[in-house]
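Subject: Structure handover

Hello,

Here is the structure I promised to pass on. Please open it next to this email and follow along.

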Amino acid sequence: RFALGTQGEELVNEAEFIIRNPAVPWSHPLLQTARRRNKSVLMDTSLFGRYFPGQIIGVTGTRGKTTTTLLIFAILSKLVDQPIILAGNATRRANLALLKNASANSVAVMELSSWELQGWRQEQLSPQIAVVTNIYPDHLNRYINMGEYRADKEAIFAFQKKTDTLMLNHRNPLTRAMASKAVSKVIWFSRADLPESWRLKIPGEHNRENAAAALQVSRLFGLDPGVVKPIITNFPAVQHRFETLGSLRGITFINDTTSTTPTATIRALDVCPKPPILVIGGESKRLPLSGLVKAVVKQCKALALLKGSGTQELKKAIEQKSHPPIISKDRDFSDTVLAAVDYAKEGDIVLL
């Protein structure tokens, strides 16, 4: 039975247990009611982790977790003679349904968000192989502070055993600090681990870090880097991640809509082959904008600003400096994109 758009406590009273969507805050009033009434509040991916009979590789981080997860899956599914299952955020399927075809010989490769990891902490469970790509400020509209955000991320290794493995980004200060809390074996990775001669299809130094993490995981399975190389170097851009959609009238359109933090947007601008017409904006995450403002005013040809509370913060900071033309503001999504298209000339890049 579907009860849509209701917020009544009678739903909590009826339930034997509740499966919480990660987008619903832990502090939601109905979930608080459920806990007061001793109802079990569970989550899909952590239930999968509880019942999965094989080995789990979990990947988290602020940026790069989808790309790293899909790289690991591409390598293992082609080169390892075991059933490899893609799970977590990297698939649109409910994870519990994936248990039907799982065996003790199976390996699950899972992207795990900070919110999903709340369920793993509740289960007191961590993957046997945990990868943390990096930690940067994010989701401070949902978290009280960075300490709370980091604590959720750390659930990916908090319940590991000594025989388990934690892979950490050596160049990221916040992931380096995690090593002292681990009881499992710590393996470091950085972009320096990837041979300079390996030319990737996916641009940017951050993607070399992601590839280095995947390469380290492949070594745990005894795979020779020479065999892994063609899979990594030919790996295409993941949807919505600096994905070139095509050209229209000589204008190139790049979709980077997962750049939902200042850090991610700065990296997108750094790898853009020429100053783009940047379509940017949305709701505030309470993140510092000074670095983004500096990059935008220096590296963009023009700006088309979407609606949103975060846009207002960004616009106010940009207008205090000498800045590229703002060709659209306070309009809906379609109108903003069309304004960028109208402004662009042959040879330009529109970056979303």
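Below are my notes on what was found in it.

First, the ground rules. This is a predicted model, in which local features need pLDDT of at least 70, side-chain atom pairs count only at pLDDT 80 or more, and totals for chains, interfaces and linings use all residues. Residues are numbered from 1 along each chain as its sequence is written, and side-chain values use heavy atoms, with hydrogens and water left out.

Helices and strands are DSSP runs, numbered from the N terminus: a helix is H or I with at least four residues, and a strand is E with at least two.

Now look at strand 7 (residues 165-169). It pairs with strand 6 (residues 129-132) in the parallel sense, over 4 bridges. Valine 131 has methionine 167 of strand 7 as its bridge partner. Valine 132 stands opposite leucine 168 in strand 7. Strand 7 also pairs with strand 8, again in the parallel sense, over 5 bridges. There, threonine 165 stands opposite lysine 185 in strand 8.

How many residues of strand 7 are buried? The count is 5 of its 5 residues. (Buried means under 20% relative accessible area, exposed means over 50%, and partly exposed lies in between, with a 1.4 Å probe and protein chains only.) Thr165, Met167 and Asn169 point one way from the strand. Leu166 and Leu168 point the other way.

(Axes are lines fitted to C-alpha atoms, for helices over the stretch in contact, and angles run from 0 to 180 degrees between N-to-C directions.)

Threonine 60 is in strand 3. Is threonine 60 buried or exposed? It counts as buried, because its relative accessibility is 0%. Its side chain reaches the backbone oxygen of leucine 112 at 2.6 Å. Leaving out residues up to four places away in sequence, threonine 60 touches several others, including Lys65, Ser113, Val131, Lys153 and Ile156. (Contact means heavy atoms within 4.5 Å.)

Helix 9 (residues 205-220) and helix 10 (residues 225-233) pack at an angle of about 145 degrees. Their axes are 11 Å apart. Ala211, Leu215, Ser218 and Arg219 in helix 9 meet Pro225, Val228 and Ile232 in helix 10.

In helix 13 (residues 309-318), Gly310, Thr311, Leu314, Lys315 and Ile318 are buried. Seen down the axis of helix 13, these buried residues fall within an arc of 130 degrees, so they line one face of the helix. (The arc is that of the directions from the helix axis to the C-beta atoms.) They pack against strand 11 (277-280), helix 12 (290-299), strand 12 (302-306) and strand 13 (326-331).

In helix 14 (residues 333-343), Thr336, Ala339, Ala340 and Val341 are buried. The buried residues of helix 14 pack against strand 10 (251-255), strand 11, strand 12, strand 13 and strand 14 (349-351).

**Three loop residues**

Lysine 161 is in the loop between helix 7 (155-158) and strand 7. It is exposed, because its relative accessible area is 57%. Beyond its neighbours within four places in sequence, lysine 161 is in contact with Val183 and Ser184. Lysine 161 and lysine 201 are 40 residues apart along the chain, and their C-alpha atoms are separated by 36 Å.

The other two have a backbone angle to look at. Most residues other than glycine have a negative phi. Asparagine 38 has a positive phi, near 60 degrees. It lies in the loop between helix 2 (29-36) and strand 2 (40-42), and counts as exposed at 68% relative accessibility. Glutamine 124 also has a positive phi, of about 55 degrees. It lies in the loop between helix 5 (114-123) and strand 6, and counts as exposed at 59% relative accessibility.

Best wishes

Definitions and conventions: Pairing = 2+ DSSP bridges. Polar contact = N/O pair within 3.5 Å; in protein donor to acceptor, adjacent residues only side chain to side chain.
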